[in-house]
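Student: I have a new structure to read, and I would like to go through it feature by feature. Please give the general idea each time, then the case at hand.

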Amino acid sequence: MSNLLPKARAFALRGQPQLGLRQRLAFATLFIVLLLACIPAAIAHEFKVGDLEIEHPWSRATPPGAKVAGGYFTVTNKGSVPDRLLSISSEISDKAELHEMGVKDGVMTMRPVEGGLEIPAGGKVALKPGAYHLMFTGLKRQPKQGEKFAATLTFEKAGSVKVEFAVEGMGETGSGDMDMDHAE
């Protein structure tokens, strides 16, 4: 017992022993790994309705005065029967439509999709720039980078699901300067 008193007194006078270089590097590495593991969960967001999973709904920020914005996400059908995206509504716009882009005679065209978009059984459909996407028309306010806005997606079989669109920067995933014919 008398042996412990000098050790306790020495510890109190010196404070906690310092970590060695290897221990500090191990601690820093563990901290970085844990931090990086949290990033995807903070960025990505998913929603589920029935057999459908909606992954990372997002939109771009719009310049002042813009009347439309795009919406993008991926739908995965984990079920054994196809489903169909029938309609979209949002808090940010008067109207929302499903559109498809394509190239005709060297000109990029954009047309509404009639009858909804089929999500095949066991399949996946990506709504992305330059392909199928949502058009939010009659914007009530400009979406700003870093914010989120609510929307409701309605599917034929799975029903309706409320989702949040994360607003990213104006140039996200590059749109380029394209000649577009937006026919109704």
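Tutor: Start with a charged pair: glutamate 156 and lysine 157 form a salt bridge, with their closest N and O atoms 3.7 Å apart. A salt bridge here is a side-chain nitrogen of Lys or Arg within 4 Å of a carboxyl oxygen of Asp or Glu. This is a predicted model, in which local features need pLDDT of at least 70 and side-chain atom pairs count only at pLDDT 80 or more, while totals for chains, interfaces and linings use all residues. Residues are numbered from 1 along each chain as its sequence is written, and side-chain values use heavy atoms, leaving out hydrogens and water.

Student: Is glutamate 156 buried, partly exposed or exposed?

Tutor: Buried means under 20% relative accessible area, exposed over 50%, and partly exposed in between (1.4 Å probe, protein chains only). Glutamate 156 has 46% and is partly exposed, while lysine 157, at 52%, counts as exposed.

Student: Which residues do salt bridges with shared partners join into one network?

Tutor: That network consists of Glu91, Arg141 and Glu147. Within it, glutamate 91 and arginine 141 have their closest N and O atoms 3.4 Å apart. Glutamate 91 lies in the loop between E4 and strand E5 (93-104), and arginine 141 in the loop between strand E9 (133-139) and strand E10 (148-155), 50 residues apart. Strands (E, at least two residues) and helices (H or I, at least four) are DSSP runs numbered from the N terminus. Glutamate 91 is partly exposed at 42%, and so is arginine 141 at 33%.

Student: How many salt bridges does the structure hold?

Tutor: It holds 6. One of them joins the side chains of glutamate 53 and lysine 78 (3.9 Å, N to O).

Student: Which residues touch the most other members of the largest nonpolar core?

Tutor: A nonpolar core is a set of buried Ala, Val, Leu, Ile, Met, Phe, Trp, Tyr and Cys residues joined through side-chain atoms within 4.5 Å. The largest one has 28 residues, and Ile54, Phe73, Leu134, Phe136, Leu153 and Phe155 touch the most other members. Not counting residues up to four places away in sequence, isoleucine 54 touches residues including Phe73, Leu153 and Phe155.

Student: Where does pLDDT stay under 50?

Tutor: pLDDT is the predictor's confidence in each residue, from 0 to 100. It stays under 50 over residues 37-43 and over residues 174-184. Where pLDDT is low, the predicted coordinates should not be read in detail. The protein's mean pLDDT is 82.

Conventions: Contact = heavy atoms within 4.5 Å.
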